[in-house]
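The sequence and the model are shown first.

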Amino acid sequence: MKTLKELVRPNIWRMKPYSSARNEFHGAASVFLDANENPYNTAYNRYPDPMQWELKKRISEMKDVPTESIFLGNGSDEPIDLIPRVFCEPGKDNVVSITPSYGMYEVVAEVNDIEFRKVQLTKDFDLDVDALMNATDSRTKAIFLCSPNNPSGNSLNRDKIHQILDTFEGITVIDEAYIDFSSQDTFLKELKKYPNLIVLQTLSKAWGAAGLRLGMAFASPEIIAIMSNVKYPYNVNVLTQRQALEVLNNETNMKEHLRSILDERTRLQNILPQLPCVRKIYPTDANFILTDVGDANAVYQTLVEKGVIVRNRTTVTLCEGCLRITVGTSEENDILLSVLKEIKA
């Protein structure tokens, strides 16, 4: 593996990060006159904790990861964007990812003027490790993998991911946004073994808190420190930090909803293949099912006319004729199925 100094952009390695008032003082006090805040409207007048220590402590307890190995961002999109900003020199470096997969990896590469190299998955939506590694060169700073993958829903082969972790000299990013719906183990347990590994998770899916916009990145303390140097000082607001703690402290509620979603996923997996318009469903470890309906545009339009919105993925690589159907409540799924039952093959 390359050292962190070899991977980080030289200007980022040398930079002196901005230090906010809340970074410079830690402890209890009754009078705060350091941050030019309005002394009134006491609910929201103070800047939030720039390092979100209370929230990180709770996440650390739940994930069994040290607080120093946790980065919190405005959704997972913030750490996804920070990775090329930290590691890639614009116009020179590149990142490699798989296709089909989450579209933001390519967007942030383009925004940061980083070449984005896509390697097609196999017809079963799994990794072609040789093709992936052949797409890398000395200027490849990161590989982005999404597992369980979006839009296919399947978990990538774990042994193949290990091949990449054992071989690639740069940063390997594993996006586990849907890991709570999977029987696969998280790669969080392997952070100590792989110092160049970054694992992404979120509150948006299993935790039912997409509106809070809280994403999590887990990595070595050294990588987290550099990402924290580059982020905006107060990137996670007061309301998000408070509400996220409330959400995380109600784990029982999350687990009840998770069981319901998994039960409904199984029900949809049993019923969908029996419908005339459904040609195939793909294996899934996520809270959605990629479904081949043949004429995806026509089926999508029929669903829209009935007030049911799914995601049309027919123009995506390997997904021709496919709709991506999120698992809803039993009532929502009943409505979906009733519409699909009326559509002929």
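**Notes on the model**

1. T140 is found in strand 4 (residues 140-146). Helices (H or I, at least four residues) and strands (E, at least two) are DSSP runs, numbered from the N terminus. This is a predicted model, in which local features need pLDDT of at least 70 and side-chain atom pairs count only at pLDDT 80 or more, while totals for chains, interfaces and linings use all residues. Residues are numbered from 1 along each chain as its sequence is written, and side-chain values use heavy atoms, with hydrogens and water left out.

2. T140 is buried, its relative accessible area being 3%. Here buried means under 20% relative accessible area, exposed over 50%, and partly exposed in between (1.4 Å probe, protein chains only). Leaving aside residues up to four places away in sequence, T140 touches N94, V95, V96, R117, A135 and F168; contact means heavy atoms within 4.5 Å.

3. Which polar contacts does the side chain of T140 make? One is with the side chain of N94, at 2.7 Å.

4. An open sheet of seven strands has mixed pairing and the order 1-7-6-5-4-2-3. Strand 1 (70-74) and strand 3 (115-120) stand at the edges, each with a single partner strand, so one side of each lacks a neighbour in the sheet. From one strand to the next, the twist averages 25°. Two strands pair if DSSP finds at least two bridges between them.

5. Strand 5 (residues 171-175) and strand 6 (residues 197-202) pair in the parallel sense over four bridges. In strand 6, L200 is the bridge partner of D175. Helix 6 (residues 104-111) packs on the sheet and touches strand 2 (94-99), strand 3, strand 4 and strand 5; its direction makes about 155° with that of strand 3. Axes are lines fitted to C-alpha atoms, for helices over the stretch in contact, and angles run from 0 to 180 degrees between N-to-C directions.

6. A second topic is the open sheet of four strands, with antiparallel pairing and the order 8-9-11-10. Its edges are strand 8 (280-281) and strand 10 (311-312), each with a single partner strand, so one side of each has no neighbour in the sheet. Strand 9 (residues 288-292) and strand 11 (residues 322-326) pair in the antiparallel sense over five bridges; the bridge partner of I289 in strand 11 is I325.

7. The largest nonpolar core has 76 residues, of which L127, L145, I164, F218, L272, L303 and L340 touch the most other members. Apart from it lies another core, of 31 residues, including V8, V173, M227 and V230. A nonpolar core is a set of buried Ala, Val, Leu, Ile, Met, Phe, Trp, Tyr and Cys residues joined through side-chain atoms within 4.5 Å.

8. How many disulfides does a search of the whole structure find? It finds zero, a disulfide being a pair of cysteine sulfur atoms within 2.5 Å. C146 is in no disulfide, and the nearest cysteine sulfur, that of C319, is 13 Å away. C146 is buried, at a relative accessible area of 2%. For C277, the closest cysteine sulfur is in C322, at 12 Å, which is too far for a bond; C277 also counts as buried, at 2% relative accessibility.

Note on methods:
Polar contact = N/O pair within 3.5 Å; in protein donor to acceptor, adjacent residues only side chain to side chain.
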